[in-house]
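Open the model in your viewer and keep the sequence panel beside it. The stops below say what to select next and what is there.

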Amino acid sequence: MTTSTERIVSVASQWPGVETAPHRFGGTEFLVADKEIGHVHHAGILDLAITRRVRDLLIETGLGEPHHVLPDSAWVTYRIHDEDDVDGALQILRLAYLWRLLSLRRRDMDIDPRLDVGTDLTILGLPAEIDRLTRDTFTDVFDTRAPA
């Protein structure tokens, strides 16, 4: 594992509810409530499991590219060439994490009730289209007011 991928694993594994496990094709996968939200390969590739619409927006905004093996799937790939790419990888991995948390909240399963997802989403600084899609999709489970 490279220093960059080790840093991604180290940071993401500290998020409440995240479990890590070896990935079947090498690397580390990230699971939340027994569902994979993504994985990082030792060679510096982050793959995320996200909805097709989010995947398309990540590609359109330059935050990802079609999956390196399954380009027509809802998976998205982010390449980690060096340390400078770690923050971008963590940004979109955090988006996948928040998306999963919101999906669980919708089913009355809250892994981190203290987390203000709206504020967290704002801090991520994602393109407006992705931020808006996330808020619009989950208006029933988090407060969409701008943070004070």
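Start with Ala 33, which sits in the loop between β2 (28-32) and β3. Strands here are DSSP runs of E of at least two residues, helices are runs of H or I of at least four residues, and both are numbered from the N terminus. Residues are numbered from 1 along each chain as its sequence is written. This is a predicted model, in which local features need pLDDT of at least 70, side-chain atom pairs count only at pLDDT 80 or more, and totals for chains, interfaces and linings use all residues, while side-chain values use heavy atoms, with hydrogens and water left out.

Ala 33 has a positive phi of about 55°, although it is not a glycine. Its relative accessibility is 32%, so Ala 33 counts as partly exposed. The classes are buried for under 20% relative accessible area, exposed for over 50%, and partly exposed in between, with a 1.4 Å probe and protein chains only.

Now select Asp 34, which lies in the loop between β2 and β3. Asp 34 is another residue other than glycine with a positive phi, here near 65°. Is Asp 34 buried or exposed? With a relative accessible area of 71%, Asp 34 is exposed.

**The sheet**

Show the strands as a cartoon. They form an open sheet of six strands in the order β1-β2-β3-β4-β6-β5, with antiparallel pairing. β1 (18-22) and β5 are at the edges with a single partner strand each, so one side of each has no neighbour in the sheet. Two strands count as paired if DSSP finds at least two bridges between them. As background, strands of a sheet pair through backbone hydrogen bonds, either parallel or antiparallel.

Select β4 (residues 45-49) together with β6 (residues 75-79): this antiparallel pair has five bridges. Within the pair, Asp 47 has Thr 77 of β6 as its bridge partner. Which residue of β6 stands opposite Glu 65? It is Thr 77.

Go to Ser 73, in the loop between β5 and β6. The side chain of Ser 73 reaches the backbone oxygen of Leu 70 at 2.8 Å. Ser 73 counts as buried, because its relative accessibility is 17%.

Next select His 42, in the loop between β3 and β4. A polar atom of the His 42 side chain lies 3.2 Å from the backbone nitrogen of Gly 27. At 39% relative accessibility, His 42 counts as partly exposed. Draw a C-alpha to C-alpha distance from His 42 to Thr 119: the two are 77 residues apart in sequence and 32 Å apart in space.

**Helix α1**

Select Val 9, in helix α1 (residues 3-12). Val 9 has a relative accessible area of 14% and is therefore buried. Val 9 and Val 40 are 31 residues apart in sequence, and their C-alpha atoms are 8.0 Å apart in space.

**Helix α3 and the largest pocket**

Select α3 (86-106). The expected span of a helix is 1.5 Å times one less than its number of residues. For the 21 residues of α3 this gives 30 Å, which agrees with the 30 Å between its end C-alpha atoms. Of these 21 residues, 18 are buried, so α3 is largely enclosed by the rest of the structure. Just after α3, Asp 108 takes a positive phi of about 60°.

Finish at the largest pocket by selecting Lys 35, Glu 36, Ile 37, Ala 49, Ile 50, Thr 51, Ala 96, Trp 99, Arg 100 and Ser 103, which line it. α3 gives the most to this lining, with four residues. β3 (35-41) and α3 each supply at least two of the lining residues.

Definitions and conventions:
On a 1 Å grid over the protein atoms alone, a cavity is a set of points where a 1.4 Å probe fits but cannot get out, and a pocket is an open set with protein on both sides within 12 Å along at least five of seven lines; lining residues have an atom within 4 Å of a point. A polar contact is a pair of N or O atoms within 3.5 Å; within protein, one must be able to donate a hydrogen and the other to accept it, and residues adjacent in sequence count only if both atoms are side-chain atoms.
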